[in-house]
Amino acid sequence: MARVRGPGLWRCLAAVLAVLLGSPLAGTVHAQSPEPAGAPAGNRIWGLVFTKGGEAYAGFLRFVSARHSASWADSFQAEQSVGDEPFRAWANAIREGAPSVRTVELKGYRITWNTGEDDFSSRSGDFPGSRVIRIPYGSLADLRGQPPGGRTVFLSIGLRGPGANDGETPRKPEHVWSGAGRGLILRYTEDWRSTTIEVEGLDGAHATVAFGDVESVAFDPPLGAGEPPSAPLFGTAVDRSGRSFTGFVNLNGDIVLESDILEGWFDGQRSRSIPLDGVRALERVTVETGRGPSEGLRVTLAAGEAVELTPGRERRGGSIAVAVTDPGLGTATMDWVAFSALHLHDPGGDAAGSAGCQGDRVGLAPTAFHYDTFGGGTPLRGTVVTGTGEEFEGRIRWGTLKEWSWDLLHGAMDGTELAVRFANVRSIERMVAPDPPPEPARAGTAPPGRIRVNLLDGRTCEMSTHGDVGPGDAGILVRPADDGTDEDRTGWRLIRWQDVRIVRFEHPGRDVPGS
């Protein structure tokens, strides 16, 4: 395997590639892809990994951590510190521009005075100091490790396309807001020291690089790379309510490719290891054992054979968890309690079961998404309409923090957790039950505390108020683009969630079906 050494050499990408073309893990890397790559290769993460020792590896990438990632639709996860600006905007909005006033009564005298924002901050437990962000790998241009600060490892990521370079360069790396510079400096939320990157070359050669040895990763479309050694796992998961979600599958956090192995299950007294490329379906069933009935899996193989398995000791109490990522929606996650079945099929095949979101898809199918269909993100813009008919148009911060199209709206559909990417949302409606509620309740009446999410591709999802849409949510901040004020302190209007009727989002430069 050819390796390139010397930091001065690998920083010159053209020179590196010229040497790498003779390496088993080297492949042709392009700055842009003039046309979509084929479906199998186009969905796999492709990139160039540079090490601190001056080595470089090119190929299909798999990030091995608490949740493995191998597809462009998979999410890079990190923790972002919330700095002063978002808090100041929220604090000023919640006070409606008035100064914060403190009052003390002492021996019959009342003393009042205005306090600064720092004092207001120390007395407020409503505003978080950090948040977890999840960005599709398809939105990243590069990833670079930073020197550790104490026990914390910092990462810097570069975002692609418009929206990535809006804002000023931050003063402190640990206090970076999402509009700062061309990228973000973040803290990784998992044990990044144990994370590795597996690189699969075109001829089957493999390299594994510990992230502690990584200088940077440059992402690129795999144009001309041919088919990867293994395609992402693709299928349809069905929950206990009969809702189904089709897309790229992550099983138990570490099974993401067709070549992966289902382990930790027993056929009678015999341990079984089953390659996923030979599986057509997994179903939750009750299995009869010598110790009585036990919850288990029925595995239907491609040849038609069905095998009933019981979980091994390491899987008891948490037998299976399935996450399905549909780039036109987001990610649906169901644990063992919510899980019913997983049907694996070829990309583009018919989905099994009833749809989790209603309506016919008129946008791109999940397999049509590749590196060039993702962007670096744009600021959230739109119109918030209140229950009294007032409309507020401009820049939006949902929950006072989420302000980019790659941010996620969290909700639930019974036992299935949904994370809907704002880039896919046309509008969000708060569904309010009639007051007083009808007696008896009529079929089709919206229960209290639900929202309807209308997607750009024509589908509609109804979710319960949970996470980002719950009664404890901090509200929605709106700032008109032409208010002429200092963005850091004024201009934001806070609209409480209970006052919201509908939020309509703008998506400049995107073809919106039906618009």
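This is a predicted model: local features need pLDDT of at least 70, side-chain atom pairs count only at pLDDT 80 or more; totals for chains, interfaces and linings use all residues.
1. Residues are numbered from 1 along each chain as its sequence is written, and side-chain values use heavy atoms, with hydrogens and water left out.

2. The bonded cysteines are Cys357 and Cys461, with sulfur atoms 1.9 Å apart. The link is right-handed, with 100 degrees about the S-S bond. It connects distant parts of the chain, 104 residues apart. Cys357 sits in the loop between strand 23 (354–355) and strand 24 (381–386). Cys461 belongs to strand 30 (residues 460–464). Strands (E, at least two residues) are DSSP runs, numbered from the N terminus.

3. Cys357 and Cys461 are both buried. Buried means under 20% relative accessible area (1.4 Å probe, protein chains only).

4. Strand 21 (residues 330–334) is mostly covered. Of its 5 residues, 4 are buried.

5. On one side of the pairing list is strand 20 (residues 322–326), antiparallel to strand 21 over 5 bridges. Two strands pair if DSSP finds at least two bridges between them. A hairpin of 3 residues joins strand 20 to strand 21. Val322 has Met334 of strand 21 as its bridge partner.

6. Strand 21 also runs antiparallel to strand 27 (residues 416–421), joined by 4 bridges. Here Thr331 stands opposite Ala419 of strand 27.

Notes. A disulfide is a pair of cysteine sulfur atoms within 2.5 Å. Buried means under 20% relative accessible area, exposed over 50%, partly exposed in between (1.4 Å probe, protein chains only).
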